[in-house]
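Please read them next to the sequence and the 3D view.

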Amino acid sequence: MQLSELLMEWPCNVKGSIRIDVESVSENSKQISTKTLFCARKGEGKNGMHFIREAIANGAVCIAVEDERYFDSYDEEVPIIWVPNILKFIAYAAATFSGHPSEVMTVIAVTGTNGKTTTTHFIHQLLQRFQKQSLLIGTNGVFLGTEKLAVNEDSLTTMRPIPFQQLLSRSLEEGIEYIVLEASSQGLASYRLDYTNIDIGVFLNLGEDHIEAHGSVERYKQAKMRLIDLSDMIIVNGQDPFCRSVGIISKKPSLQFNLMPKTDIFYEKLLEREGFSNYFVQFQQTESIITFPFTADFLIENAMAAVSVCLQIGLSLQQIAKYTLELTLPEGRMQTYYTQKGVKVIIDYAHTADALEALLKAVSNSLAGELHLVFSCGGNRDKMKRVKMGAVASKYADYVYLTTDNCRNENPIDINLEIIEGFHSNQRYEMLLD
């Protein structure tokens, strides 16, 4: 492809010839092959502008920047282009060089402060039951069927656009029909999913995690709502006020699943027993009894989101009901073990106040003895949630062990002292950093 073809519909300024061949795009100066366009973007720790000469030395045939001052002073022989949004341009170039694979696949993207991993795993599992080839991309990795694939990429919930589009292209060649992915607020805000044709966007909930990373609650909401524009239709959790409002303001076709009657997909609990629950579900003119292998309300919401996706792609309630009992939780989500002394141990990824409360509430409902909680919070981000998580922990836990959780550059003691501010006065606890 000539550079002129790539830039045909893209606003930019150019120095040098656009009559050159380009075959790939990279944002890593060390990963340059012949005919590569190098995009110099700012990262959290490094600035791609500092690696332009290295990229040229390694064979880059063109440079893209969004810094106008650098563009104006540029004097290298290799052509340079200025674009107004380098992150969006990277997504565009990645999709273009990969042949826009999402246009001939069914892409399902799930966003929400909590439950993205569980919901995407449920969707993936149901698709497999109906012999539909699907690829799952998210926090726990990349899965083809039950096999976890080795992907040489940062451990991000939502992949960066270049490896993401390349993965879609390879999947298409291998006959994969469906892509199921987690759409994080950071991924949406940094345009990682732009120029991806998303057939179904799912909105689960809005909590308070990652607000500091976005600067405000409103900017956090705006990041989530970018999924509306990227999706052909949306599915929303009617139990969550934000998601419900998304369904109202969206001009895209939408489905709402809710415990309230006269909803697109209405569900109501009938029976709960020994870790299982039966629900009456109604969709359009059909109805069915669906059994789930768990009772926690938040897991039912995740499962109903998956059921709603399956209904949208053309499966019936009766078909889906055959397999919901086989749903299994992903690694790190309410994993349960028993010690030799009979102590029940549950490991869960809950890292927000809402998620922690949903988890502890569910555990408390079937608890005969004491509840001991081991947890902490991550460093250098979302500090406002620490005291709230402390309050939730103190509300449900008989005893709390405060430890470490990816402290980054913060002192773990300081993090735990902020959590302790949320405890009630007679809370039993101790700090065990190791």
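1. Which residues lie nearest the centre of the second largest pocket? They are His121, Gln125, Gly145, Thr146 and Thr328, out of a lining of 13 residues. A pocket here is an open set of points on a 1 Å grid over the protein atoms alone, where a 1.4 Å probe fits, with protein on both sides within 12 Å along at least five of seven lines; lining residues have an atom within 4 Å of a point.

2. This is a predicted model, in which local features need pLDDT of at least 70 and side-chain atom pairs pLDDT 80 or more, while totals for chains, interfaces and linings use all residues. Residues are numbered from 1 along each chain as its sequence is written, and side-chain values use heavy atoms, without hydrogens and water.

3. Helix α5 (residues 116–129) gives the largest share of that pocket's lining, 5 residues. Helices are DSSP runs of H or I with at least four residues, and strands are runs of E with at least two, numbered from the N terminus.

4. Asn140 sits in the loop between β7 (134–138) and β8 (141–144). The side chains of Asn140 and Arg333 are joined by a polar contact of 3.3 Å (N or O atoms within 3.5 Å, where one must be able to donate a hydrogen and the other to accept it).

5. The structure has 0 disulfides (cysteine sulfur pairs within 2.5 Å). The sulfur of Cys243 is 19 Å from its closest cysteine sulfur, in Cys310, too far for a bond. For Cys407 the closest is in Cys377, at 10 Å, also too far.
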